[in-house]
Amino acid sequence: MHDLNFFRDHLDRFEQMARARGIALDLERFRTLDRERRALITDYEKRRWAQRLAGGKLARGATVVMFGLEEWHRFYPIAKSVDEDFPEQGPSEAALERFLKKVARCNKDSEHRIAELEEQLRQFMLQVPNLPHESVPVGKGPEDNRVVRVWGEPPRFDFPPRPHWEVGERAGILDLPRAAKIAGSRFALYRGAGARLERALANFMLDVHTREHGYTEILPPFLVNTASLTAVGQLPKFAADMFHLEGTDLWLTPTAEVELTNLYRDETLDADSLPIRVCAWTACFRSEAGAAGRETRGITRQHQFQKVELYKFTRPEQSYDELESLVRDAETILQRLGLHYRVVLLCTADMGFAAAKTYDLEVWLPSAGEFKEISSCSNCEAFQARRAGIRFKPKGGKSEFVHTLNGSGLAVGRTWLAVVENYQQADGSILVPEALRPYMGTDRILPEKV
RNA sequence: GGAGGAGUGGCCGAGUGGUUGAAGGCGGCGGUCUUGAAAACCGCUUCCCGGUUGCACCGGGACGGGGGUUCGAAUCCCUCCUCCUCCGCCA
């Protein structure tokens, strides 16, 4: 969410942003709401002042002459506007009482109307996405994203590489039919070395990030409330993409970004503690209601998957350096696993709602002969922090909003399938990447009859 | 799930209808004193919104959240949330 005053003073920039992101923004509606709200507040506060003043006089049992000259000059026009018959001078106790009754009702009405307008204004502001950073390419869609760098090379096969669901089934480590029986489509069931591989990947990622990259591990709740989702920007817009628990205020978390952003919601952090780096392994749940029919084969797109999330709270001036190092931290995992990948800078049209700048990491999938997203790393600047009330206080200065950054480090399920595809062998076995061998206790997954 | 109790400023803690943003204390900041420090003493110590070029000034709002009663609510009523204690249940 943007700062209201900043928004009002830079409407042209937001108009430009809307065009770059390819969305509609009804700025005329904003102008109307904003103008009306401020006019009402001004009037209301004048009457409120008069009400407090008169109330105070009455409490002291004043009767006739009790206003200072200047006070009276300010007070009388307000009283007259509320009560036509208000005496021009020397109001009696009865006149004051009548005025107070009228002004109380009048102010109550104003309060309601102002609250209504503020809710409408809030709803409006909640759907304004973040402003892209100046280094973000303006574009119309994924085709305008920019490849920043490519690491490694695709593995060579002397046989046609199979898609991961075939490799997994042949090796007896992935059982999609039974997952469907238990839960339905878009759920996975791992068996034996497959289950262990998923666990090994999560542990490997957490170990690297906590031991080598300075992140503190968090194990948060997997269920989150409406307030937390709203603070991140998942709600109100993306309710349909999540699982909601009937009769409660709880939702299955779509990403640990929700929990980690809300770690410090409505708190003021010590300036010296920044940047704060945390990471979390969680299950993630997405109903993907709008995506039916896409990527139905295999486990690329699931209702439930695991992810190790990286998250940073930083000072504004350091957030873009921290974004670069966040991306490197995520890349380390792919490099250690020996997986060919590329880094893509998303264009304005392809970025998420809260992001000011986003890099995607895309891993090579030999069966498809293309790159597939495995991580998304964003700097949200103060956008989420403002919405979530996360500040820091510089020494001797006013408190400011922190910048928040998040990225996958990495999506475990997609890493699983990338390993399986890239390390598959002609005999149906799967080589275990060097870095995972201590976790797997073997250098090769051998096919097993189920 | 059942029965009780509690939520006040960075922290502790007064305050049960009237200029109370809120006594007192602690902490923090500035000053006096001191060779320096401590102690002592003095002063300061929140955030949001509106009017404004303005962190100046004027005004409004905020005592867990929301609603109500009243001319007026930290104080009375309703409701929700959180925490604590006891009972039940449970990995």
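This report walks through some aromatic rings, a pocket and a few charged residues in the structure above. Keep in mind as you read that the model is predicted.

**Aromatic rings**

Let's begin with the rings. A pair of aromatic rings is described by the distance of the centres and the angle of the planes. In this model the count comes to 17 aromatic pairs. One of them joins F30 and F124; the planes of these rings stand at 35 degrees, between the cut-offs of 30 and 60 degrees, so the pair is tilted. F30 belongs to helix α3 (residues 27-59) and F124 to helix α5 (residues 93-126), so this pair ties together parts that are 94 residues apart in sequence. Both F30 and F124 are buried.

Another pair is formed by Y264 and F313, and here the arrangement is edge-to-face. Y264 sits in the loop between α10 (256-262) and β5 (267-270), while F313 is part of strand β7 (residues 304-314). These two residues are 49 residues apart, and their pair links distant parts of the chain. F313 has 0% relative accessibility and therefore counts as buried.

Here are the two pairs side by side:

| Pair | Distance between centres | Angle between planes | Type |
|---|---|---|---|
| F30 and F124 | 5.7 Å | 35 degrees | tilted |
| Y264 and F313 | 5.0 Å | 75 degrees | edge-to-face |

The charged end of R74 sits over the ring of W49, at 4.1 Å from the ring centre.

**A pocket**

The space in the second largest pocket is about 300 Å³.

E362 lies in strand β9 (residues 357-365). Is E362 buried or exposed? E362 has a relative accessible area of 14%, which is under 20%, so E362 is buried. Its side chain makes a polar contact of 2.7 Å with the side chain of R342.

E28 lies in helix α3, the helix that also holds F30. With 47% relative accessibility, E28 counts as partly exposed. The side chains of E28 and R31 make a polar contact of 2.8 Å.

Conventions: Residues numbered from 1 in each chain as written. Chains lettered and ligands numbered in written order. Predicted model: local features only at pLDDT ≥ 70, side-chain atom pairs only at ≥ 80, totals over all residues. Heavy atoms only, no water. Phe/Tyr/Trp six-rings, centres within 6.5 Å; stacked < 30°, edge-to-face > 60°. Helix = DSSP H or I, 4+ residues; strand = E, 2+ residues; numbered from the N terminus. Buried < 20%, exposed > 50% of the residue type's maximum accessible area, 1.4 Å probe, protein only. Lys NZ or Arg CZ within 6 Å of the ring centre and 35° of its normal. 1 Å grid on protein atoms, 1.4 Å probe; cavity = no way out; pocket = protein on both sides within 12 Å on 5 of 7 lines; lining within 4 Å. Points joined across faces, edges and corners; volume = space filled by probe spheres on them. Polar contact = N/O pair within 3.5 Å; in protein donor to acceptor, adjacent residues only side chain to side chain.
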